[in-house]
Amino acid sequence: MASAWKADAATFWMQQSARLLWREAPTQAQAGDFTGTAHVTWFADGRLNPTESCLDRHAAARPDACALIWEGQDGRTIRLSWADLLQRVCRMANALREAGVAKGDRVALHLPAVVESVVAMLACARIGAVHMVLFGGFSAEGLADRLDDGTPVLVVTADEARRGAKIIPMKRTMDDALSRATGDSVRTVLVLAVTGADVPMTAGRDRALGPLLDGADTACAPAILAAEDPLFVLYTSGSTGKPKGLVHVAGGYMVWASLTHEVAFGCGSEDVFWCTADTSWITGHTYVVYGPLANGTTVLMYEGLPSWPTPGRWWDVIDRHGVTVFYTSPTAIRAMKAEGNDILEARGLDSLRVLGSVGEPIGEDAWTWFHDHVGKGRCPVVDTWWQTETGGIMIAPAAGAVAPRPGVATRPLPGVEAVLLDAAGVPVVGEGEGNLCLAASWPGQARTIWGSHDRFVATYFATYPGHYFTGDAARREADGYFRITGRVDDVVNVSGHRIGTAEIESAVMRGEGVVECAAIGVPHGLKGEGLVVFAVVQPGGAGEAALKALVADAIGRYAVPEAVYLVADLPKTRSGKIVRRLLRKIAAREIDALGDLSTLADPDAVGRIIAVVQGGG
Ligand code: PRX
């Protein structure tokens, strides 16, 4: 049953390609595979513009139906019909063209959760520009690294963002980033007025976006792209080196976004779909923008936090707008659960039909609470496993077809060949645990890392030749369900933010007198995982606060460790390798389970580290 698609995969995929509106329909599905240089293409001779699938066809068929509902944290609501949204996108696309953006140029988008964040992505796609959306929580240096890598010609930012009671100085941070960036690709900065604050404008470079939009035409002929032309670059962290820009393409990614949105959530044009992710994450790309819009589903966007200005705000949003499918993160679920059930019981939540979770292991407690209290026992909870690299959902209980179970991502979607391999590359057959790999390509996979195909091959295809290695481990249960057990590389998942420990360590190493350090992840009740750093610092060198500040500067506040322990030395093997496994146990206070220490270069170091952790710092 599950592998019916496999019998004639090419026919299956050609049928799936028909989800999109093509200018020239493709005549072939996959070419290339995961061997050698892992150059894979899908639907390569097709030509299209993704925005025609997301906008024009719905605007033609149902111009006045609702495409997007946006609610601000102050309660202001914007409702856009398909005709309205198409016009807004065309205006922005014309404004970008007027500002000199051409097909193939990169455009950096650095915007809060306002309607324009979606409009700007689609506007780039309209003219064939490649968007790179940058998280509002990145520090100036974090932004500068990505600007230097992606070399955009234009940046769209906002004066400021609202986040609960806080105001985030977006433009100021971007100015700082642009002055730190070593490249000079950015010719223009367009500034959207969100709060209306006065912000410094650099003559010759910065322009107010509002007047440009007001003067722009409401029709814009789409650029016609080849299926394999890049649609966007999105940065994510890995276990080594700087963040990498994954490249997703116009044809295959869109097919995957549409297919997975429909299959995982059973979603269609009658739904009001709310994915709470920020558009700067892959989840926002695929399930706020491209998937639901391709499928003609009404998208709901909310500007703010779950519990601001009062607890239960997200539940009010669901009731007010009749949300039918609600897709969020375990971190948000745990935070709302902690507020107690009274807040929930006071809301109807009758419109909900399906609930979804993404980004980190949900765990049985949070799953069961979500199911029983939010879904009132009648909505399936779809735990979706996937990654920035996969473009869309890979393993999830397809709503209505696969029975969910608490804390288990269940089965691969049609078209996904998930396998478990042991350390030697031997497949784990039947029940058991192994490294989660994908044995065949699917249309939504990232095609390369921006600027470094070698790094793409080395990162994903070198561990198990012929397979894409996800970096996660999983357990196949007796009934064939997959339970994701977590990362097996040096990546820590803090509230769904993927953070490479190497990036944290290189920030900490800049501290005065820091001799060496190690960053590790530990279980955290609300965030899923928290970061802890152990650092050896010379007398008189940097303290905990200074080292945390270095991480905030280099990456962003979201990556600041829970604790930085200043220790005399790190546990090492005789060959000098830091034994992170021990540090994880000590930081998690599992000191009864440290195991055999006799292979360490200096077993006594462990006792001294435990004393520091137990002493609280
Ligand atoms: O470790 C897995 C975890 O998040 C990683 C991917 O992070 P990112 O590229 O930022 O994409 C997040 C949105 C898809 C994975 O390698 N992860 C994601 N979803 C789940 C998960 N872990 C367990 N269960 C999930 N449902």
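Modeller: The discussion below turns to the ligand, then to helix packing, then to the backbone. Please bear in mind that this is a predicted model.

Colleague: Let us begin with the ligand. How many residues surround the ligand, and which are the closest?

Modeller: A residue is counted when one of its heavy atoms lies within 4 Å of the molecule. Here the shell holds 17 residues, and the closest are Thr 384, Thr 388, Asp 472, Arg 487 and Arg 498. By class, the shell divides into 6 nonpolar, 6 polar and 5 charged residues.

Colleague: Which helix and which strands each supply at least two residues of that shell?

Modeller: They are helix H10, residues 282-294, together with strand S20, residues 381-384, and strand S25, residues 482-487.

Colleague: Which polar atoms of the protein lie 2.8 Å and 3.4 Å from a nitrogen atom of the ligand?

Modeller: A polar contact is a pair of N or O atoms within 3.5 Å. A polar side-chain atom of Asp 383 is 2.8 Å from a ligand nitrogen, while a polar backbone atom of Glu 360 is 3.4 Å from a nitrogen atom of the ligand. An oxygen atom of the ligand has a polar side-chain atom of Gln 387 at 2.9 Å. As for cover, the ligand on its own has 540 Å² of accessible area, of which the protein covers 96%.

Colleague: How should I read the packing of H3 and H5: at what angle do they pack, and how far apart are their axes?

Modeller: Angles from 65 to 115 degrees count as roughly perpendicular, and those over 145 as roughly antiparallel. Helix H3, residues 50-61, and helix H5, residues 115-127, pack at about 120°, with axes 8 Å apart. H3 is therefore oblique to H5. Their crossing is left-handed.

Colleague: And at what angle do the axes of H5 and H10 cross?

Modeller: They cross at roughly 60° and come within 11 Å, which means that H5 is oblique to H10. This crossing is right-handed.

Colleague: What should I look for in the backbone?

Modeller: Most peptide bonds are trans, and most residues other than glycine have a negative phi. In this model, a cis peptide bond joins Trp 308 and Pro 309, with omega at about 5°. Pro 309 belongs to the loop between strand S17 (298-302) and helix H11 (313-321).

Colleague: What is the phi of Phe 43, and where does Phe 43 lie?

Modeller: Phe 43 is not a glycine, yet its phi is positive, about 55°. Phe 43 sits in the loop between strand S2 (41-42) and strand S3 (47-48).

Technical notes: Residues are numbered from 1 along each chain as its sequence is written. This is a predicted model: local features need pLDDT of at least 70, side-chain atom pairs count only at pLDDT 80 or more; totals for chains, interfaces and linings use all residues. Side-chain values use heavy atoms; hydrogens and water are left out. A polar contact is a pair of N or O atoms within 3.5 Å; within protein, one must be able to donate a hydrogen and the other to accept it, and residues adjacent in sequence count only if both atoms are side-chain atoms. Accessible areas come from the Shrake-Rupley method with a 1.4 Å probe; for residues, only the protein chains shown count as cover. Helices (H or I, at least four residues) and strands (E, at least two) are DSSP runs, numbered from the N terminus. Ala, Val, Leu, Ile, Met, Phe, Trp, Tyr, Cys and Pro count as nonpolar, Asp, Glu, Lys and Arg as charged, and the others, Gly among them, as polar. Axes are lines fitted to C-alpha atoms, for helices over the stretch in contact, and angles run from 0 to 180 degrees between N-to-C directions. Angles under 35 degrees count as roughly parallel, over 145 as roughly antiparallel, 65 to 115 as roughly perpendicular and the rest as oblique. A crossing is left-handed if the near helix is turned anticlockwise from the far one by less than a right angle, and right-handed if clockwise.
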